[in-house]
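Please look at the chains below and at the places where they touch. Then read the short report on their contacts and domains.

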Amino acid sequence: MSLGSRKRYERPTILKQYSGYMNKVGNRSGLAPTPDIDGVSIEKMVEQFGSPLFVMSEQAIRMAQRRAYRVFKTRYPRVQFAWSYKTNYLDAVCATFHSEDSWAEVVSGFEYNKARGLGVPGNRIIFNGPDKSEEDLKRAVNEDAYLHVDHFDELYRLISITESLGKTAKVAIRVNMDCGVYPLWDRFGFNLENGEAWQALKRIMATPSLKLVGLHTHIGTYIMSPDPYRVAATKLSELARSLQTEYGHKIEYIDLGGGFASKNTLHGQYLPAEGVVPTIEEYAEAITDALMQHATSPSELPMLILETGRALVEEAGFLITSVIANKRLADGRKSLIIDAGVNLLFTSFWYRHKITPVRDPGMVSEDAALYGPLCMNIDMVRESISLPPLNLGDLLCIHHVGAYDMTQWMQFITLRPNVVMVMQDGTVELIRKAETLEYIREREQLPRQLSKNNVVG
Amino acid sequence: MDKITLSHDVAVSESGFMFLPTTGESFTVNATGRCIIGAIQSGRSESETLKILVAEFGVDERTAERDLREFVSQLQRYHLAQTQDNK
Amino acid sequence: MPQAEGKLKVAVTGLNATDNPGPGVPVIRSLRDAFGDQLEIIGLVYDTLEPGIYIPGLANRFYQIPYPSTGLDAILARLLEIQAREKYDVLFSTLDTELYSFRKLAGELHGHGIATYLPETEQLKLRGKDQLSSFCSQLQISTPKTIVINSPSELNSAVNEVGFPCVVKGIFYDAGIVSTIDEAHAVMNKMRYKWGLPLIIQQCLKGDEYNVCALGDGVGNVVGAVAMRKLYITDKGKGWSGVTIFDKTLLELTHKIIGALRWKGGLELEYIRAPGQSEYNLLEINPRFPAWVYLASAAGQNLPAAMVQLARGKKIEYFSDYKVGTLFVRAAWDYISDMSRIESLSMTGEVNG
């Protein structure tokens, strides 16, 4: 038999048919393969950069940011996005967002310094979060950054700092409120309903070294309906109006934070997220509609700031992983071990990621448990997923991992892999080198008493 | 090598569907699996079956051996085959 | 676009005519009554044992489609693959869980010549079980006390407030009546693993069950509506026989609800009324036709056929009347078939009618 006429080899498979469970559409997996990212072959990238491999798409980031601007700007005259560093603070990713006219939104001194290191000027940085050290606050005040005050202790500290520096700080307060969202995020900022927010605003208005420039809220995460944003925008607009009536003071902006739901499906969700979560247009409609209703004239409208993270970057990230082993569990269920686990895929604790084979998946598929490479019981990427038979070394593409996975990943048991970016010109750039033993050990120090001679000697 | 025998007089249809008249169960088998069941039915030994897989599909022998092992253990799990330890 | 020979082709889901039946079979029966030989039916099934597949002559051909939880890409790909083969004119969706996906895909399907007649996502959310309380209070319609729980820890306080016995409901399907806190926890756990959160805890009212099957035109009008009283209810709470009735109050409520929602498509309203009381309590708004929809057709309002015409952009006359006292009795009836049908569906994803 000549090679050309040989049948395609697929791992031999026998599946028992159960009614109520069999639905593979005539045994086809229904999974279209993902051979490339923006036209660049995944197999080639793995050949060059190894597996596992994180891949970011420059084009996907730019498209998402441009679309978000278009959607909001066609509904509201003044819109400013600020890139949420904690979502993904790889320099290449942040730089891409900044070049699309996004400011920086940071929540620690580390993130602040990272933004400054990328050349973002202080007056394009929004500094959020409950933990800003004295040193952080001083730098931010000196560099004219926007400080979003989280609690009274911070407010008083900031008053002392500005007075001792003899400088004025641009401040906003973070407000929490009941928007009908469960759970209520009342641990951040000042509560609106109990009057705390108003108390904080009064204190700021009475402090000459603080200039009140905005009102900020961030109502939660993965909010499945646009309505809470309408409520939040309305309540902040009303608060802004009170400032105008009481003090004749006009704020410059309203910052509605982030929290839009994305296309990743949560474990508890039956329907795929893409079918049920609102579109960015629906969020935009709710927000801008509420803001417009409170404006007396278009020139009176405050700037709208958005700190959208997840919804802009999630789909731009991919994790390529290869099969380490095929295994049958004690009860006969199939399992696969892959070389990327929860150490790299923190979001698998709450998401049912879309996972596709890189090559043509063949004709049959079978439910399998998907385990990561860690020798720890927690390392399960998916309890059950329908996949075609895969051979050792076959590649899988895990989609929508651009948000949080590259900031919440762990150096645990093994090291973190290369991250590359597929550029718009079709080239592939390494944007974070794989970690090495030296990289880890460089931070460690062995006490003299435990040095090699003493231990082994 | 182990000698494998099928526990039922099974017939896999052209499409890969297998209905067991004795138990009422049904199974689906892919082309590679059909090839193996066919070989076992015609009395081939494990090593002969491996050779057939290599010839038919151009797979390397190590992979074929590993996959055959798992396939046979699946057949056993479904009570479709027995193996005899031939030392 | 209708076929060259002028035949209308409609693809219908929900052929699971089990003891918890989907409405596909009665929908097809209604369409066959209305369009006769000018109609071809494509049955879309999820499982190889959906009973509709084994009813001789029900559909011209059956195709398996992926479950709604599979993802939009896979569903769209399959629907278009079938479209390339069959060139069907209308996709008639009959199941709750499909609606969100099909709604999202409606534009794309339309671009491929497939008409649908579906409620908007926002309308679907408004009538959701978790929104029913606020919806009813806005319209001043009575409804049993209902609490939505988003976490298992909220169950105790919810059942305390609602009181026993109460009903624990999944967000899409399933409901269980519970009388103790332990039962409530058991039912909650079973449901949340299957359908996720939130869950609905609803006061259990006693009385007679009345249902209305209706069709809305998307701008607030009622195309037709037929009311039925359940005569026999199975232990799963399904009406196994019922009779058409006419009560002005029920009709007014239907107009009020469809008007407020600007509902587009089929709808079932479920009410309960205590004996001797005049007030109807709205239990649920189901976003599709009920499994007893053929009773409406038999009583003179062929709502599925009307919906197909609306989907095709045809002008139709709205219904004003139906025959009161029309009775339906469901019967168990065993169809005989052969394993080859299961084989065909399992191996190729399709089988002839």
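The report covers the model, the chain contacts and the domains.

## The model

This is a predicted model: local features need pLDDT of at least 70, side-chain atom pairs count only at pLDDT 80 or more, and totals for chains, interfaces and linings use all residues. Residues are numbered from 1 along each chain as its sequence is written, and chains are lettered from A and ligands numbered from 1 in the order in which they are written.

## Chain A and chain B

Chain A gives 20 residues to this contact, and chain B gives 24 residues. Two residues count as in contact if their C-beta atoms, placed from the backbone, lie within 7 Å. On the side of chain A, two elements give two or more residues each: β1 (14-16) and β15 (317-328). The largest share, 3 residues, comes from β1(A). Helices (H or I, at least four residues) and strands (E, at least two) are DSSP runs, numbered from the N terminus.

By class, this side of chain A has 8 nonpolar, 6 polar and 6 charged residues. Ala, Val, Leu, Ile, Met, Phe, Trp, Tyr, Cys and Pro count as nonpolar; Asp, Glu, Lys and Arg count as charged; the others, Gly among them, count as polar.

β1(A) also pairs with strand β3 (residues 26-29) of chain B. The sense is antiparallel, over 3 bridges. Pairing requires that DSSP finds at least two bridges between two strands. Ile14(A) has Val29(B) as its bridge partner in β3(B).

## Chain C and chain A

Here chain C gives 30 residues and chain A gives 21 residues. On the side of chain C, the elements with two or more residues are α2 (72-86), α3 (96-111) and α11 (339-348). This side of chain C holds 13 nonpolar, 12 polar and 5 charged residues.

## Domains

Domain bounds come from an automatic or database domain assignment. Chain C has domain 1 (8-118 + 334-352), domain 2 (145-203) and domain 3 (206-329). The centres of domain 1 and domain 2 of chain C, taken over C-alpha atoms, are 33 Å apart.

Chain A has domain 1 (26-55 + 315-441) and domain 2 (58-314). Their centres, taken over C-alpha atoms, are separated by 33 Å. Each of these two domains of chain A gives 21 residues to the contact between them. On the side of domain 1, β17 (351-352), α12 (405-408), β22 (419-422) and β23 (428-432) of chain A give two or more residues each. β22(A) gives the largest share, 3 residues. This side of domain 1 of chain A has 11 nonpolar, 6 polar and 4 charged residues.
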